[in-house]
Amino acid sequence: MPITAKGLATRARIVEGAATHLRGGEPGQVTLDDIRAITGTSKGQLFHYFPGGKDELLLAVAVYEAGRVLDDQQPHLGALTSWAAWLRWRDALVTRYRAQGAHCPLGSLLAQAGGTPGAYEVVRTLLAQWRTHVAAGIEAMQAAGEIRAELDAPRTASAFIAGIQGGVQVLRSTGSVEDLEAVLDTLIDYLRGAGSPGATC
């Protein structure tokens, strides 16, 4: 039976409440009773929307957090149509991860829900969507004559995503965003260097 609008709102409230709480600590420290208290829901409601219990709830929160990764980069990520736009995206990304610091909510959640079917599909979907946005930005710059048409947009987008992920891992180990800034600056400089003859900045 389809969930009603009220039911969807209740489910969303549970997920958002759990996500807010879990950003402040390690997911392994939270119990379903904690989530009930945080979100003001009954045990029956919790198992109605998440019959798989804690793992299913953590998976739903991971999906929510994955969406936030992209949402926090908007509108810049969806409008990479000028060099100024690329720099705004770069700054927004660095600001996001500087604020996040060493704690990665999505990574911690997936470590807890790793045995749940679909857990790592959350990451694969996130990275694919992220890559698609970056590739679309490169292709927009190619269409505008700012980047050579022969540059492989999907492959270059993959380099951006791999570089960002590497920078974030260093951040988690050291607390510094310098490596993330370096990889973004280097890759954007690479794109600028791949400009078409006569292209303007």
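**Helices, bridges and a pocket**

Modeller: Let's start with the contacts. Counting contacts in the protein between residues at least 6 apart in sequence, 72% are between residues at least 24 apart. Keep in mind that this is a predicted model.

Biologist: What makes up the secondary structure of the protein?

Modeller: Nine helices and zero strands. Reading from the N terminus, you get α-α-α-α-α-α-α-α-α.

Biologist: And how much of the protein counts as buried?

Modeller: 41% of its 201 residues. The accessible surface is about 10,100 Å², and carbon and sulfur atoms own 55% of that.

Biologist: Why does E65 count as buried?

Modeller: The cut-off is under 20% relative accessible area, and E65 sits at 3%, so it counts as buried.

Biologist: What about R68, buried or exposed or in between?

Modeller: In between. R68 has a relative accessible area of 23%; buried needs under 20% and exposed needs over 50%, so R68 is called partly exposed.

Biologist: How do you know that R68 forms a salt bridge with E65?

Modeller: The rule wants a side-chain nitrogen of Lys or Arg within 4 Å of a carboxyl oxygen of Asp or Glu. The closest N and O atoms of R68 and E65 are 3.0 Å apart, so the pair qualifies. Both residues lie in helix α4, three residues apart, which is about one turn of the helix.

Biologist: Which residue does D33 form a salt bridge with?

Modeller: R36, with the closest N and O atoms 3.1 Å apart; that is within 4 Å, so the label holds. D33 and R36 both belong to helix α2 (residues 32-39), again three residues apart and about one turn of the helix. R36, at 30% relative accessible area, is partly exposed.

Biologist: What makes R90 and E181 a salt bridge?

Modeller: Their N to O distance is 3.9 Å, which is within 4 Å, so the pair counts. This pair links distant parts of the chain: R90 is in helix α5 and E181 in helix α9 (residues 178-193), 91 residues apart. R90 has a relative accessible area of 13%, and that is under 20%, so R90 is buried.

Biologist: Which residues are linked in a network of salt bridges?

Modeller: R90, D91, R98, E181 and D185. By the rule, the count comes to 10 salt bridges.

Biologist: Now T156. Why does it count as buried?

Modeller: Its relative accessibility is 7%, under the 20% cut-off, so T156 counts as buried. T156 is in helix α8. Leaving aside neighbours within four places in sequence, T156 is in contact with I138, L151, Y190 and L191.

Biologist: How do you know that the lining of the largest pocket has 11 nonpolar residues, and what are the others?

Modeller: They are sorted by residue type: Val, Leu, Tyr and Cys, among others, count as nonpolar, and Gly counts as polar. The lining has 11 nonpolar, five polar and five charged residues. V69, Y97, C104, L106 and G107 lie nearest the centre, out of 21 lining residues. Helices α4, α5, α6, α7 and α8 each supply at least two residues of that lining, and the space inside is about 360 Å³.

Biologist: Which residues does the cis peptide bond join?

Modeller: Q74 and P75, with omega at about 5°. P75 is in the loop between α4 and α5. Most peptide bonds are trans.

How values were computed. Residues are numbered from 1 along each chain as its sequence is written. This is a predicted model: local features need pLDDT of at least 70, side-chain atom pairs count only at pLDDT 80 or more; totals for chains, interfaces and linings use all residues. Side-chain values use heavy atoms; hydrogens and water are left out. Helices (H or I, at least four residues) and strands (E, at least two) are DSSP runs, numbered from the N terminus. Buried means under 20% relative accessible area, exposed over 50%, partly exposed in between (1.4 Å probe, protein chains only). Contact means heavy atoms within 4.5 Å. Accessible areas come from the Shrake-Rupley method with a 1.4 Å probe; for residues, only the protein chains shown count as cover. On a 1 Å grid over the protein atoms alone, a cavity is a set of points where a 1.4 Å probe fits but cannot get out, and a pocket is an open set with protein on both sides within 12 Å along at least five of seven lines; lining residues have an atom within 4 Å of a point. Grid points are joined across faces, edges and corners, and a volume is the space filled by probe spheres set on the points.
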